[in-house]
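Trainee: I would like to learn how to read charged pairs and helices in a model. Can we work through a case?

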Amino acid sequence: MSTAALTSPGAVLADLLPAASASRARVRDAALVLGGAALTGIAAQIAVPVPGSPVPVTGQTFAALLVGASLGTRRGLLSLALYALAGMAGVPWFAGGASGAGGATFGYVLGMLLAAGLVGALARRGGDRGVLRTAATMAAGTAVIYAVGVPFLALSTGMPFGQAVAVGLVPFLIGDALKAALAMGALPAAWKLAGRRG
């Protein structure tokens, strides 16, 4: 398949990596899934506590969205599923080196899994090709993370939903806007570079 065909809508950045045969494609995809999980786990170690909130500012949400956009729906979901399952099994790569299920912030991990799938699907439809489309794609993924994470936070801590929004969503909006701005520059630029090399 030519690079021109791969850079058309329907492809994601990971599809640009060559695989000469079906068996090599499976090895490539397994490596991408593992790499996406590891990237998310490493990014989760960038954790800054937020006063008054059990939820820190981390790099893992940004990594999860980039993994979904770069790998596509299936590989993105598998990466974040591996991240979640390994963390539940004891790998200390949730925010700040935590592991296990059921903590107050575990809903955000589940939300990231769903968000990676959604962002991957949108990227396959060209949602990562232009600045505005990338912004909308990142906003949709971020909304999914909060749609799962904030109610889980409220249920797991017993706090009222309004308080969960106040401590688990509002303090992070500026950071999320900055992460979206980074993605708005990085993803379309990667596609332009790929097009030039084709």
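This is a predicted model: local features need pLDDT of at least 70, side-chain atom pairs count only at pLDDT 80 or more; totals for chains, interfaces and linings use all residues.

Trainee: How many salt bridges does the structure hold?

Mentor: A pair counts when a side-chain nitrogen of Lys or Arg lies within 4 Å of a carboxyl oxygen of Asp or Glu. The structure holds seven such salt bridges.

Trainee: Which residue forms a salt bridge with Asp 15?

Mentor: Arg 75 does, with the closest N and O atoms 2.7 Å apart. This pair links distant parts of the chain. Asp 15 sits in the loop between α1 (3-6) and α2 (22-43). Arg 75 belongs to helix α4 (residues 73-88), and the two are 60 residues apart.

Trainee: Why does Asp 15 count as buried?

Mentor: Buried means under 20% relative accessible area. Asp 15 has 17%, so Asp 15 is buried. Arg 75 is buried too, with a relative accessible area of 3%.

Trainee: What joins Arg 28 and Asp 29?

Mentor: A salt bridge between their side chains, at 3.1 Å from N to O. Both Arg 28 and Asp 29 are buried.

Trainee: Which residue is the salt-bridge partner of Asp 128?

Mentor: Arg 129, with 3.3 Å between the closest N and O atoms. Asp 128 is buried, at 0% relative accessible area. Arg 129 has 15% relative accessibility and also counts as buried.

Trainee: How many residues of α3 are buried?

Mentor: 12 of its 12. Among them are Gln 60, Phe 62, Leu 66 and Ser 70. Gly 72 follows α3 and has a positive phi, near 90 degrees.

Trainee: How many residues does helix α6 have, and what is its reach?

Mentor: Helix α6 (residues 131-157) has 27 residues. From first C-alpha to last, α6 reaches 38 Å, close to the expected 39 Å.

Trainee: Which residues of α6 are buried?

Mentor: They include Thr 134, Met 138, Gly 141, Ile 145, Tyr 146, Gly 149 and Leu 153. Just after α6 comes Gly 158, with a positive phi of about 80 degrees.

Conventions
Residues are numbered from 1 along each chain as its sequence is written. Side-chain values use heavy atoms; hydrogens and water are left out. Helices (H or I, at least four residues) and strands (E, at least two) are DSSP runs, numbered from the N terminus. Buried means under 20% relative accessible area, exposed over 50%, partly exposed in between (1.4 Å probe, protein chains only). The expected span of a helix is 1.5 Å times one less than its number of residues.
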